[in-house]
Amino acid sequence: MELRLQDARTTVGQSSLCAKTPLLTNCWEILKACVKEPATMKPSCLHLKMEHMQNFGSFKIRGIVNQFKSLPRDVLEGERQLVTMSAGNYGRSFAEACYNFNMQGIVVLPEFAPLSRSQYIKNKGLKVETVSSNLLSERVMSYEKDGLLFLHPFDDPTLFYGYSSIAQEIFDDNPNTEIIVTCCGGGGLLSGISMAAKLRNPDCLVYGVEPINANSMYRSFEAGKAVTLSSSNSIATGLSPPYAGKHAYEVCKSNVNEILLVSDEEIVAAVKALYNHGLVVEPSGAAAFAAFMFKKIPNVSNKNLVIVLTGSNITAEEMKALLTEKC
């Protein structure tokens, strides 16, 4: 595993599509105002991993460049197309990679995906199809039967290794990291971060954060296996897949200490708080900060804490709507 982690980091580091994002250090004095009764949970250090500043507005490109490294020859030579499914950010970075490598592809979106992301993907020359969220897998399987190659948007170990570069950068910049908190959708990002974090420091606590109404990994931890939800709906659309990844669940159950839940109202409050401190973060990208704001993270007092902000793909109109929403 260690070799694959290092290989993936090299791939990400050498790609012109990826950037090393900054770690904003020692933020407690600035951000403690976001927390009610902050004295009861003061960490020794609070840092923000600014992955929302990643190219194309989210962490997804790290995993995708690692996926593209392993594509078969018939795809690389244009004889076979790619297909994927996405609520937006994976599709956006997928479209950028296809455009960069001159490949054709199809992105199947759930009906709740923001229109801005659908249009962005179309502008990169890819076909977009919108279906009900419970039909995503069925539609992708039909394309596979037609000969297209499916790249999974979250349950692919190749993705995990690409995302692990985030944790490796965190420990390079902050070797004494004791807690890492990040969002969780299908589990790909959480898998990659937790693998690398536990390798660098087995005592590091890793927490994933999900919306209450899109809590597939939380339910999976309860059930002891990856589960599919009967419904999954949140303002954090990128954290609302209908199921937890089977591969991701196996990695997370071995490396993640706990899955934390936040409400949509708490996520909106976190987006507002970050915006008021000059940071534009979409709802999915702000979930981990919501867990911090509302004291969902255990054992943070006197700990070296890193919160990962994961995405900034939100339009001015969407942000305006959030900022005027009552929490």
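A salt bridge here is a side-chain nitrogen of Lys or Arg within 4 Å of a carboxyl oxygen of Asp or Glu. This is a predicted model, in which local features need pLDDT of at least 70 and side-chain atom pairs count only at pLDDT 80 or more, while totals for chains, interfaces and linings use all residues. Residues are numbered from 1 along each chain as its sequence is written, and side-chain values use heavy atoms, with hydrogens and water left out.

**Salt bridges**

Let's start with the charged pairs: the structure holds 13 salt bridges. Three of them are set out here.

| Pair | N to O distance |
|---|---|
| Lysine 49 and glutamate 169 | 2.7 Å |
| Glutamate 129 and arginine 139 | 2.6 Å |
| Lysine 253 and glutamate 250 | 3.2 Å |

Lysine 49 sits in strand β2 (residues 45–50) and glutamate 169 in helix α8, so their pairing ties together parts that are 120 residues apart in sequence. Helices (H or I, at least four residues) and strands (E, at least two) are DSSP runs, numbered from the N terminus. Both lysine 49 and glutamate 169 are buried, where buried means under 20% relative accessible area, exposed over 50%, and partly exposed in between (1.4 Å probe, protein chains only). Lys49 and Glu169 also belong to a salt-bridge network with Glu51 and Arg62.

Glutamate 129 is buried at 17% relative accessible area, whereas arginine 139 is partly exposed at 28%. By contrast, lysine 253 and glutamate 250 both lie in helix α11 (residues 246–255), three residues apart, about one turn of the helix. Their relative accessibilities are 43% for lysine 253 and 41% for glutamate 250.

**A buried aspartate**

The aspartate 155 side chain does reach backbone nitrogens: that of lysine 246 lies 2.9 Å from one of its polar atoms, and that of histidine 247 is at 3.0 Å.

**The two sheets**

Four strands form an open sheet in the order β5-β4-β3-β6, with parallel pairing; two strands pair if DSSP finds at least two bridges between them. β5 (127–131) and β6 (149–150) stand at the edges with a single partner strand each, so one side of each has no neighbour in the sheet. Another open sheet, of six strands, runs β1-β2-β10-β7-β8-β9 with mixed pairing.

Methods:
Polar contact = N/O pair within 3.5 Å; in protein donor to acceptor, adjacent residues only side chain to side chain.
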